[in-house]
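Please look over the sequence and the fold shown here before reading the briefing that follows.

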Amino acid sequence: MTTAVLYGSVRKERKGIRAAKYICDQLREKKHTVHLIDPLEYSLPLLDKMYKEYEKGSAPETMERIANLLRESDGYIIVTGEYNHSIPPALKNLLDHFQKEYFFKPSGIVSYSAGSFGGVRAAIQLRAILAELGTPSIPSTLPIPKVQDAFDEKGGLLKTEIIPKSTDKFLKEYEWYLSAFKTQREKGVPY
């Protein structure tokens, strides 16, 4: 299976990238091919023109690279912080540049915050966005409270009380949906 992990913060001292690295490592341990799409590495302008609105072969290089990674993927893990009870603007911009690349593939939500709620309010907002994009999110989410204390710089766990158990449950469910959606896509799609 191939999973694109979409991360959404561009802040200078961002801590959530640690959660993104952690989930990438966990997916690799489960033998996934992983594409980390980080808006600091794949910079897109504020949305003016969606990928689908470009003539074939004329989209900007970065947009084309992201589209290829999304097409290669069987599903998506979205790693989001919580900004004013919603998702970061860079994540929304990244998501909105694409559309049919997401169709009929499941997504999972990893949310985080510096506080004790783990970004769950952003996850609620993100569910509606992902459904509209054609990549419905699985029922479980993986909220990570106090992200700054949970991981080291490389995404290694510092606190092991609940995160490994929650991650295992989350990824088992995500893989079930990946397999189910892939089986159905092989039979064809409704449109």
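**A parallel sheet and its helices**

Strands β4 and β5 pair in the parallel sense over five bridges, where strands are DSSP runs of E with at least two residues, helices are runs of H or I with at least four, both numbered from the N terminus, and pairing requires at least two DSSP bridges between two strands. This is a predicted model, in which local features need pLDDT of at least 70 and side-chain atom pairs count only at pLDDT 80 or more, while totals for chains, interfaces and linings use all residues. Residues are numbered from 1 along each chain as its sequence is written, and side-chain values use heavy atoms, with hydrogens and water left out.

**The sheet**

- Five strands, in the order β2-β1-β3-β4-β5, form an open sheet with parallel pairing.
- Because β2 (33-37) and β5 each have a single partner strand, they stand at the edges, and one side of each is left without a neighbour in the sheet.
- Within the pairing of β4 and β5, Tyr-112 stands opposite Ile-144 in β5.
- Strand β1 (residues 2-7) also pairs with β3 in the parallel sense, over five bridges, and Tyr-7 stands opposite Val-79 in β3.

**Helix α4**

- Just after α4, Gly-134 takes a positive phi of about 90 degrees.
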